[in-house]
Number of protein chains: 2
Amino acid sequence: MNDIKQFLRSNALRPTKQRIVIAGYLFDGTDKHVTAESLSTELAKRKHIISLATIYNTLHDFYENGLLKKLTLSADRVYFDTNTDDHHHFYSEKEQFLIDINKNIKVNGLPKTPKNKKINKIEVIVHLDK
Amino acid sequence: MNDIKQFLRSNALRPTKQRIVIAGYLFDGTDKHVTAESLSTELAKRKHIISLATIYNTLHDFYENGLLKKLTLSADRVYFDTNTDDHHHFYSEKEQFLIDINKNIKVNGLPKTPKNKKINKIEVIVHLDK
DNA sequence: TATCAGTTTAGAATGATTCTAAAGTGTTGA
DNA sequence: TCAACACTTTAGAATCATTCTAAACTGATA
Ligand SMILES: [Mn+2]
Ligand SMILES: [Mn+2]
Ligand SMILES: [Zn+2]
Ligand SMILES: [Zn+2]
């Protein structure tokens with residue numbers, strides 16, 4: 001808890017009650033993939049009612065500080081990923097199934113990068129099911 | 001134009017005025033990536049005013065019939081792709097930049113597929129810029 | 001402890017997409 | 001040919017994730 005406060009401070013984030021609760025949940029050592037909605041639900045189960053606006057604000061604050069990654073897998077919700085290492089995913093849209101691929105993946109046979117652009121990130125999504 | 005009618009009929013789609021215009025634009029031989037909005041704009045330039053509802057309906061009809069692929073690259077718009085071959089993309093969120101990678105890409109080092117699931121598709125997105 | 005910038009929040013607004021239901025049209029069998 | 005009907009189009013309303021607004025609140029600082 002004091003760890004969490006320090007953690008937030010060290011990221012230039014004021015350790016408010018809400019951020020402490022959210023960070024405590026997100027960074028408990030288990031990698032997680034959350035949406036604003038799923039996070040709200042999880043916190044509510046733990047009797048922590050935090051407004052959706054704050055949940056959005058906080059997810060974005062954390063994201064902007066590099067504490068979370070953002071995943072665009074579906075058109076109608078944004079996932080945030082507590083695993084900030086370079087990694088890839090198994091994903092099932094139907095089942096809302098999302099699993100990290102932490103193994104080192106190599107993508108071979110890429111054509112040359114378009115003129116005047118540079119590669120920021122290579123993302124591999126392994127879609128499961130039909 | 002009669003080709004287009006036949007094309008639509010052969011896909012169990014009634015060749016209405018609107019679908020003929022849309023198919024005529026989409027399947028002109030050039031691969032395209034469109035959103036409902038961008039398609040509407042392009043058609044309007046060509047003096048074809050078609051309601052957005054119909055544009056959405058038609059994109060989905062074409063998609064359901066395998067004439068288009070759907071791409072989820074950004075949380076706030078869906079792209080449809082006239083290139084229905086297996087392929088990948090260069091993508092720049094900032095510049096709305098989207099280019100096909102038709103070369104054969106190989107993804108090596110995947111861990112084993114989760115129990116009782118099977119791989120539907122492997123998608124590689126090469127994000128450009130920061 | 002006063003002050004103030006930073007934060008939270010309810011509720012309104014936004015915007016892509018979907019839905020509704022009424023009017024229009026392509027197809028077809030007689 | 002054409003009536004009949006299933007399929008399609010459309011305006012406008014609804015949905016829903018997300019963002020915005022502006023007022024109340026709170027952590028940091030001296
Ligand atoms: Mn949506
Ligand atoms: Mn949106
Ligand atoms: Zn992940
Ligand atoms: Zn493509």
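**Protein and DNA strand C in a predicted model**

In this predicted model, 78% of the atoms of DNA strand C within 4 Å of the protein belong to sugar or phosphate, and the rest to bases.

Student: What makes a residue count as near DNA strand C, and how many do?
Tutor: One of its heavy atoms must lie within 4 Å of the strand. Nineteen residues, written 19 in the count, surround DNA strand C, and the closest are Thr16(A), Arg19(A), Thr54(A), Tyr56(B) and His60(B).

Student: Why is the pair between Thr16(A) and DNA strand C called a polar contact?
Tutor: The cut-off for a pair of N or O atoms is 3.5 Å. A polar side-chain atom of Thr16(A) lies 2.5 Å from a phosphate oxygen of DNA strand C, so the pair falls within the cut-off.

Student: Which part of Val78(B) approaches a phosphate oxygen of DNA strand C?
Tutor: A backbone N or O atom of Val78(B), at 2.8 Å. Because the cut-off is 3.5 Å, this pair qualifies too.

Student: How do you know that β1(B) and β3(B) pair?
Tutor: Pairing needs at least two bridges. Two bridges join β1(B) to β3(B), and these strands run antiparallel, so they pair. In β3(B), Asp81(B) is the bridge partner of His33(B).

Note on methods:
Residues are numbered from 1 along each chain as its sequence is written. Chains are lettered from A and ligands numbered from 1 in the order in which they are written. This is a predicted model: local features need pLDDT of at least 70, side-chain atom pairs count only at pLDDT 80 or more; totals for chains, interfaces and linings use all residues. Side-chain values use heavy atoms; hydrogens and water are left out. Helices (H or I, at least four residues) and strands (E, at least two) are DSSP runs, numbered from the N terminus. A polar contact is a pair of N or O atoms within 3.5 Å; within protein, one must be able to donate a hydrogen and the other to accept it, and residues adjacent in sequence count only if both atoms are side-chain atoms.
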